[in-house]
Amino acid sequence: MKIFHTGPAGSAEEFVTRAASVLIGRKLPPGPGALGLDDVKVSANHARLSSEDGDYWIEDLGSTNGTWVDQRRITPREKTRLATSSVILVGQTTLRLEAPAAAGPSSAPAVDPAFPGPGQSLVHSVEAGQPLSELYRAGSSSIDAAETRLREVCELSTALGEIDGGESLATTVLDHLQRAFPEAGRGAHFGVLLGEDLVLKGFRPDDEPPTCSLTLARYVVAQKTAHLWEISTPQTVEKSASIIRGGVQSAMYAPLVWKGEVLGVLYMDATSPKASFSADDLRLLQAIATHAAMSLKSSILQQTLLREETVKTRLLAQFPRAIAERLARQPGRLAISSERIETATVMFSDVRGFTGLTAKLEPEETVQMLNDMFQELTPIVLKYDGTVDKYIGDAILAVFGSPDPDARQWEHAVRAALDIQAAIKRLGAGVWKGKIAFEVGIGIHTGPIIHGFIGAPERMDYTVIGATINEASRICNGAGPGEILISPAAYGRLHDAVDVELPPREFETKHEGPMKAYRVVRWRGRLKAKRG
């Protein structure tokens, strides 16, 4: 098997092996049965890929952050069947599996090779990947019939440009199939099956039960070839109950294939011998299927881009750009379970005396001043690789070193705090001049936190929780207007780079008891080691 994997840094690599089973984990020793990934979010023994009788499976081995297949978290310790188009996410690494061509799509259920393979019932076949110009050829059809059908294909292309998903595509295609095959008469049935599970999205006539055969549909998916069958012998019809129930005499099934990816199946069948199909009909059906697949894939890509752009826009307000862009490309990451990290730096910035100030201001003026402040302060947090966890009334909760590790998180937090105080002074001398200006106090603390995306699927919000956040809030409460207080844990990391007021300030808290914190005087920077 061949596995393409793209890590957190964006570098794409290829892993090729003949092993039937591959262990995936963090920095595993190289070997044909082991794929080692340089990804801190990947567990030592994260997941296992395996091949069995032409099918490909993945099993999560109880990893910390889980394994995702097509944006869904799979159940640990249970094997999940993979499709050839499946996207696998482990930690921050994306994997795609390329199976040998002979294996066929592993997502399709097994097909009985005796039916409907080559034999008395199979009349014509058309490869889905051949050029459209070949499919347009009329063969033995009359010129008028060929012109009519070609016109329908051209009109279909125009109509498909306006679809917005599978439901619209099914309706549009069915309308055009009815016009493109008028001679099929009342004995013909049409339908559209979409997705790996071949879900019936529409059928005609809609006042009769659908006659589609999943056995035939799965066969053309596996072959990536359109087929025309004349159902004539009892030996054949015994293989499919749906064909028997519908009284089907002939059937055409064409896969929706674009760039080698199967997106669904179009089918037509006839219950009357007078409504049989020809090789030209099969070519036309495959031409329509090709146009439909191209349009559907374009619609899927547009929806994916729109979703990613929407997610990215929301994330850019909370995360530094590099992190936001990575998360937008990996929407499954937005549903990760919460996890504990041992070291993060939390910063609270809060307006001093806010309640008393707002009593002297009109509501519109209060909201405008808050917007002025947040618009000024948020970019400062992002500039120093911080994450804006949330706005709490007049306060900002920011975290450094999460969701991605940051070896300079303490420096970044203090320098961001200093820039925030400078920005508040600029606002007071600028847009707030002549008004009652806000002043803020800032508290910074370092310690373990639990972080993750929490909420309903429609609204996943990143947040941090734990005692460290509560303690940072208490330190912030102890800071006066224009002050920055940092905990001993944070100062211990910065004692050689920041000047503070000594001795530390002591104050009581309701739940945490007595606490100490250092007031930051200025940032003087770290001394560079001398060479030589």
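**Exercise 1.** Determine which residues Met373 touches, not counting residues up to four places away in sequence.

*Solution.* Contact means heavy atoms within 4.5 Å. By this criterion Met373 touches Val351, Asp394, Ile424, Leu427, Trp432, Phe438 and Val440, where residues up to four places away in sequence are not counted. The model is predicted, so local features need pLDDT of at least 70 and side-chain atom pairs count only at pLDDT 80 or more, while totals for chains, interfaces and linings use all residues. Residues are numbered from 1 along each chain as its sequence is written, and side-chain values use heavy atoms, with hydrogens and water left out.

**Exercise 2.** Describe how helix 10 and helix 11 pack.

*Solution.* Helices are DSSP runs (H or I, at least four residues), numbered from the N terminus. Axes are lines fitted to C-alpha atoms over the stretch in contact, and angles run from 0 to 180 degrees between N-to-C directions. Step 2: helix 10 is therefore roughly antiparallel to helix 11, a term for angles over 145 degrees. Step 3: helix 10 contributes Asp372, Met373, Glu376, Leu377, Ile380, Val381 and Lys383 to the contact, and helix 11 contributes Ala416, Asp419, Ile420, Ala423, Ile424, Arg426 and Leu427.

**Exercise 3.** State how many residues the largest nonpolar core has.

*Solution.* Such a core is a set of buried (under 20% relative accessible area, 1.4 Å probe, protein chains only) Ala, Val, Leu, Ile, Met, Phe, Trp, Tyr and Cys residues joined through side-chain atoms within 4.5 Å. The largest has 40 residues, and Met373 and Ile420 are among those with the most contacts inside it. Helix 11 supplies the largest share, 9 residues.

Key. Helices (H or I, at least four residues) and strands (E, at least two) are DSSP runs, numbered from the N terminus. Angles under 35 degrees count as roughly parallel, over 145 as roughly antiparallel, 65 to 115 as roughly perpendicular and the rest as oblique. Buried means under 20% relative accessible area, exposed over 50%, partly exposed in between (1.4 Å probe, protein chains only).
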